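Please open the structure in your viewer and keep the sequence panel beside it, so that each stop on this tour can be selected in turn.

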Amino acid sequence: MAVVIKGSFLMMEDGLKRDYGVRVVDNRIVEVRPNGELTVEAGDEVIEAKDQIIMPGFVNGHNHMYGFLSHGITAEAMVTEFSSFLDDFWWPYVENRLNHELVEATTKMACVEMIESGVTSFVDILEGPNSIPGALEVEEKVVEDAGLRGWLSFEACQRMSEENGQLGLKENIDFFNKTKGTDSTVNGIVSIHTLFTCDKDYVKQAKKMADEAGSMIHMHLSESVFEPNWCKEHYNEKPVKIYEELGYLDENVLASQVVQCDDEELDILAKHGVNVVSMPISNCEVGGGFAPCQKMLDRGMTVGLGTDGYVNNFFEVMRGAFLMHKANEQDPQTMNAKSVYKMATSMGAKAIGLKDGGRIEEGALADIITVDTDIPTPVNEYNVYDQVILFTNPCNVVNVMCNGKWLKKDYELTTMDKKAIKKEMREVTQKFWTVNK
């Protein structure tokens, strides 16, 4: 049985099509045609997506699903700058206290919000040195049940101890090897933290392990001025140049944040084909600055978008990317809406190594959303990117399909009990907040 979705609009790489739809067989799009030309056979499920735009599911290239634990938290720590954010708040109050129960609850809630927001694929970086071994398998079960396409990793580093650092690398490699080559929509990716929590030998070891396993490798890069300043003090060199000297940089690297990198560093990243994910809203939270996204795009770099586990409304993240850079650069022409849309879809898919994803075309994966056009002004071929990014929200997401299966249908979640999950999340969070570091 196939699924046929007939929309009033359909978003393709070259723009908006009117009265177009798709036919899905198993987990692939097999037809993209005018509604009247779509094949419909006996037994097919036909969705009349009237006044809706058929779009590819969004790609959240960087998430910390456990971040829910900090949403609204009251802590005694006084955060003054980025290192203080980590040392005085994030590590002692949140990361170091993660256990399997908290990982499971936060993963459930994050999956709910991603589905509601039209995200079908994501990369998660779990940071919790006392939650391993086995934390990624806890996430895996939840993500599989939710039906999302996820790449899961543990952010390995040496900040707790050398032994914990090695345990983190093992968590990554074991999970990657377990999921490699399977039919599951959940896979692994290797991750390390930063140069200020990983020494050079450790960085080289992690890259060697990732290469031998066949995995991409992720790291946070210059999220604020702290890492560049730290590297200058300890190595008398810029972070990107250190990574280059270590032989770390290539097209299998996924660098997140990339906020405080200068032109020389951007040239190096571009030369090596490094992929980037930007988190515009969370960069504001920690006072990190504004990532030079337009400069990266101008260099032909592949740049995606992520939530960082902070604000998980992906429409807000797209709005942030569209608006914040204009204000920062005092240039209303920078980061146009079409570029931001591609960062959230096809370019985001390319950044995380998702082949055949982020696009509506024949042969592509059936990761599809439909978004209603119930906004005050009409959608047309000229304004569709602005209308989607600026004036729609999760409440406008009608249907979500991932890998050919419905995760949200007619505005209702089909794989997750939002009410029960939210109740569980409040209960575990209340308990978590009552215990100080």
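In which strand is the place of asparagine 275? Select residues 275–278, which make up strand E13, and you will find asparagine 275 there. Keep in mind throughout that this is a predicted model. Asparagine 275 has a relative accessible area of 7%, and because buried means under 20%, this residue counts as buried. If you leave aside its neighbours within four places in sequence and show the contacts of asparagine 275, you will meet Met216, Glu251, Val253, Leu254, Ala255, Thr302, Lys350 and Ala351.

Next, turn to the aromatic rings, of which the structure holds 6 pairs. Select phenylalanine 58 together with phenylalanine 314, whose rings form a stacked pair at 5.7 Å centre to centre, with 25° between the planes.

How is its ring placed against that of phenylalanine 58, edge-to-face or stacked? The pair of phenylalanine 58 and phenylalanine 315 is edge-to-face, with 5.5 Å from centre to centre and 90° between the planes. Because phenylalanine 58 lies in strand E6 and phenylalanine 315 in helix H11, this pair ties together parts that are 257 residues apart in sequence. Phenylalanine 315 is also buried, with a relative accessible area of 0%, and ring pairs link Phe58, Phe314 and Phe315 into a cluster.

Select lysine 326 with phenylalanine 322, and you will see the charged end of the lysine over the ring, 3.6 Å from its centre. Then select arginine 97 with phenylalanine 432, where the arginine lies over the face of the ring, at 3.9 Å from the ring centre.

The following stop is helix H8, residues 263–271, in which Glu265, Leu266, Ile268 and Leu269 are buried. Looking down the axis of H8, you can see that these residues cover an arc of only 160°, which puts them on the same side of the helix. An α-helix has 3.6 residues a turn, so residues three or four places apart point the same way. To see what covers the buried residues of H8, show the elements around them, including strand E11 (217–221), helix H7 (239–245) and helix H10 (293–298). At the start of H8, a side-chain oxygen of aspartate 262 comes to within 3.2 Å of the backbone nitrogen of glutamate 264, and just after H8, glycine 273 has a positive phi of about 70°.

For the last stop, select threonine 107, which is found in helix H2 (residues 100–116). Is threonine 107 buried or exposed? Its relative accessibility is 0%, so threonine 107 counts as buried. A polar atom of the threonine 107 side chain lies 2.6 Å from the backbone oxygen of valine 103. Beyond its neighbours within four places in sequence, threonine 107 is in contact with Met65, Glu139, Val142 and Val143.

How values were computed
Residues numbered from 1 in each chain as written. Predicted model: local features only at pLDDT ≥ 70, side-chain atom pairs only at ≥ 80, totals over all residues. Heavy atoms only, no water. Helix = DSSP H or I, 4+ residues; strand = E, 2+ residues; numbered from the N terminus. Buried < 20%, exposed > 50% of the residue type's maximum accessible area, 1.4 Å probe, protein only. Contact = heavy atoms within 4.5 Å. Phe/Tyr/Trp six-rings, centres within 6.5 Å; stacked < 30°, edge-to-face > 60°. Lys NZ or Arg CZ within 6 Å of the ring centre and 35° of its normal. Arc of directions from axis to C-beta. Polar contact = N/O pair within 3.5 Å; in protein donor to acceptor, adjacent residues only side chain to side chain.
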